[in-house]
Amino acid sequence: MSTTGALLQVTADVAADEALRVPAAVDLAAIVIGALTGGLLAAREGFAVSGVLLLAVSGGLGGGLIRDVLLGVPVVALTNPAYLPTVAITAMVTFFFSGWLSRATALLVGLDALTLGFFTLIGAQKAQLAGLPSASVVFIGVVTAVGGTVIRDVLLAQRADIVQPGPYNAVAALIGASALTVLAGPLDVPPLPVAVLVIVLVTGLRILSVWRGWAAPVAIDLPLRARSRLARVRRPATRTADDAARRRRRLGRR
């Protein structure tokens, strides 16, 4: 390889490394909130301190672990010296103050929704900066947002929350990540407004779905539904014809 080619390759590698760096404060905020929700769930279930720590790790770092493995980059949860201690401290807070924190139901719903928004943004942004196509950006954003929840449910030996009907979770992340690909791609909106819009969108959808009782759509049988509607349309027409026939018979008798 020529000297010029080598320099270009080094420059490209450095640019890629810089592009993949999401502000540590944003990542840490999402990790703290995710660890808090995971640790509180473990505390409510009566888990030992090891269980609280394990669910805090899965809630705070699970999605990021999956994201970094899929992107083929160093796992930031292991390379950054602040991440694991932050999760451990958050787990201890939930362990000793779980009763007080659990009474703040509205706060927990808001924190859960905010976590979803943060992780969606971070995952989709990293995938986009890595040069992945739009569909992959959306996929990585959703996986980052719900990956920790899936790991948590596996540890609890229960069916994953994201596959059951209920308030928007993966659906909100999917919409938010899709919005990011459009805003930061074809529309070329600056990064800060995109980040704010995505977080507000995902968080708002999650909170509204809990508050208004919205449920993610489930599988439907379109042919069966079409036949049912067709039968309902035909039934009034048949009744009208039968009524007309009965009226003619009554008139004939007279």
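These legends walk through several close-up views of a predicted model.

The model is predicted, so local features are described only at pLDDT of at least 70 and side-chain atom pairs only at pLDDT 80 or more, while totals for chains, interfaces and linings use all residues. Residues are numbered from 1 along each chain as its sequence is written, and side-chain values use heavy atoms, with hydrogens and water left out.

View 1. The secondary structure comes to 10 helices and zero strands; helices (H or I, at least four residues) and strands (E, at least two) are DSSP runs, numbered from the N terminus. Of the 254 residues, 37% count as buried, where buried means under 20% relative accessible area, exposed over 50% and partly exposed in between (1.4 Å probe, protein chains only). The chain exposes about 14500 Å², and carbon and sulfur atoms supply 67% of that area; accessible areas come from the Shrake-Rupley method with a 1.4 Å probe, and for residues only the protein chains shown count as cover. Among contacts between residues at least 6 apart in sequence, 74% join residues at least 24 apart; a contact means heavy atoms within 4.5 Å.

View 2. The average pLDDT of the chain is 80, and 82% of the residues score at least 70; pLDDT is the predictor's confidence in each residue, from 0 to 100.

View 3. On a 1 Å grid over the protein atoms alone, a pocket is an open set of points with protein on both sides within 12 Å along at least five of seven lines, a cavity is a set where a 1.4 Å probe fits but cannot get out, and lining residues have an atom within 4 Å of a point. Grid points are joined across faces, edges and corners, and a volume is the space filled by probe spheres set on the points. Helix α6 (105-129) is among those supplying at least two lining residues, and α6 gives the most, with seven. The lining divides into 18 nonpolar, 14 polar and five charged residues; Ala, Val, Leu, Ile, Met, Phe, Trp, Tyr, Cys and Pro count as nonpolar, Asp, Glu, Lys and Arg as charged, and the others, Gly among them, as polar.

**View 4. Now look at the largest cavity.** The count comes to one cavity of 30 Å³ or more, and the largest cavity has a volume of about 60 Å³. Its lining includes D27, G60, R67 and F119. Helix α3 gives the most to this lining, with five residues.

**View 5. L116 sits in helix α6.** L116 is buried, because its relative accessible area is 5%. Leaving aside neighbours within four places in sequence, L116 is in contact with A145, V146, N169, A172, V202 and R206. The C-alpha atoms of L116 and A30 are separated by 8.3 Å, although these residues are 86 apart along the chain.

**View 6. D188 is found in the loop between α8 and α9.** D188 has a positive phi of about 55 degrees, although it is not a glycine. D188 counts as exposed because its relative accessibility is 60%.
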